[in-house]
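Q: Please take a close look at one part of this model, the surroundings of its ligand.

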Amino acid sequence: ELHPLPPLTSDFLYVLDRVCEQCYRDFAPDELELSIRELILQQLETFVRRQFAGKLQLFGSSKNGFGFKKSDLDICMVLEGQESIDDVDCIKIIESLARCLKKNPGLRNILPITTAKVPIVKFYHISTSLEGDISLYNTLALHNTHLLASYAAIDRRVKILCYVMKVFAKMCDIGDASRGSLSSYAYTLMVLFFLQQRNPPVIPVLQEIYFGRKKPEVLVDGWNVYFFDDLKPSHWPHHGKNTESIGELWLGLLRFYTEDFDFKEHVVSIRQQARLTTFSKQWTSKYIVIEDPFDLNHNLGAGLSRKMTNFIMKAFINGRTVFGTPFQVLPSIYPSHME
Ligand code: CTP
Ligand code: MG
């Protein structure tokens, strides 16, 4: 099913690079847009504090370095003086939080969702037209947000490739977990894994850097969330060795997941350099297996049907052909739902 690709000319690689850079420029929020998010957070916290001793925190793509202008506001609330929460209380608080938010004239479409694995209140922020949701004690998500942000800070190519991947997933309609495909978070993990496995690697495995000492243990919800978050070039032997352009890496990624990576045998796992087998995880019934870097029982591909898996793999195969074949005229517009 895979056609051989023609040899790549330097002209074509230049065009590929430009397309990737353009994608980043078109979709990344600027400083102002990021500070507006912080402002909304502050206003919401002030409002919520009429009724709850709550602290609100942004996470997800508002904070991890891979946000779009229109990405949702992912907010986590914790109650002061309370370490954790049980499922029953969580649902009660989500329901009363929803009642509280309904009184805020700046918001619309308040909807508590208590049946999900992570109960949330959804809302729509009228003046910015941003959607958002508030979850409770979503502590692991705060840590994986910080992990992704640390990777984004290492090399500009990381950031751009993750944007290109997210735009690609949205354009191919394979990037919405609530509709049976994979989340943005899952695609970001796929990009990071590819960059770690590249030869020479573009990024290290931050969870494996601890300078010969015993790996530190920082337990959250029973999982070790340790990673090295102060990466300086001298801390990493491969620093600067990979000099590939963004375009080369993007096509490299599409080729990696269509030609090299054996989904049947291996897990996409960014917590270790060594290959992890689907067999060792007992995750052999699914074709696309992506391990969460902290919650090691969480396979982000667990919800994929066979049909959706095929649809996603076909998108990658088509992407490889489209981006791997030189063309004369650049497509100048995105589909209307991307604007
Ligand atoms: N998350 C998670 N496990 C999942 C899905 C999401 O831990 N299965 C966490 C991640 O920290 C993720 C955040 O929830 O970054 C928000 O998820 P989502 O809004 O789906 O993705 P974003 O990364 O925010 O990307 P987008 O720009 O599409 O909103
Ligand atoms: Mg989000």
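Which helices each supply at least two residues of the shell around ligand 1?

A: The helices are α4 (139-154) and α6 (184-197); helices (H or I, at least four residues) and strands (E, at least two) are DSSP runs, numbered from the N terminus. This is a predicted model, in which local features need pLDDT of at least 70 and side-chain atom pairs count only at pLDDT 80 or more, while totals for chains, interfaces and linings use all residues. Residues are numbered from 1 along each chain as its sequence is written, and chains are lettered from A and ligands numbered from 1 in the order in which they are written.

Helix α4 gives the largest share of the shell around ligand 1, three residues. There are 16 residues around ligand 1, and G60, S61, S71, A141 and S184 come nearest; a residue is near if its C-beta atom, placed from the backbone, lies within 6 Å of the molecule or strand. Sorted by class, the shell around ligand 1 holds nine polar, five nonpolar and two charged residues. Here Ala, Val, Leu, Ile, Met, Phe, Trp, Tyr, Cys and Pro count as nonpolar, Asp, Glu, Lys and Arg as charged, and the others, Gly among them, as polar.

Ligand 1 lies between domain 1 (10-27 + 155-338) and domain 2 (31-141), because both give residues to its shell; the domain bounds come from an automatic or database domain assignment.
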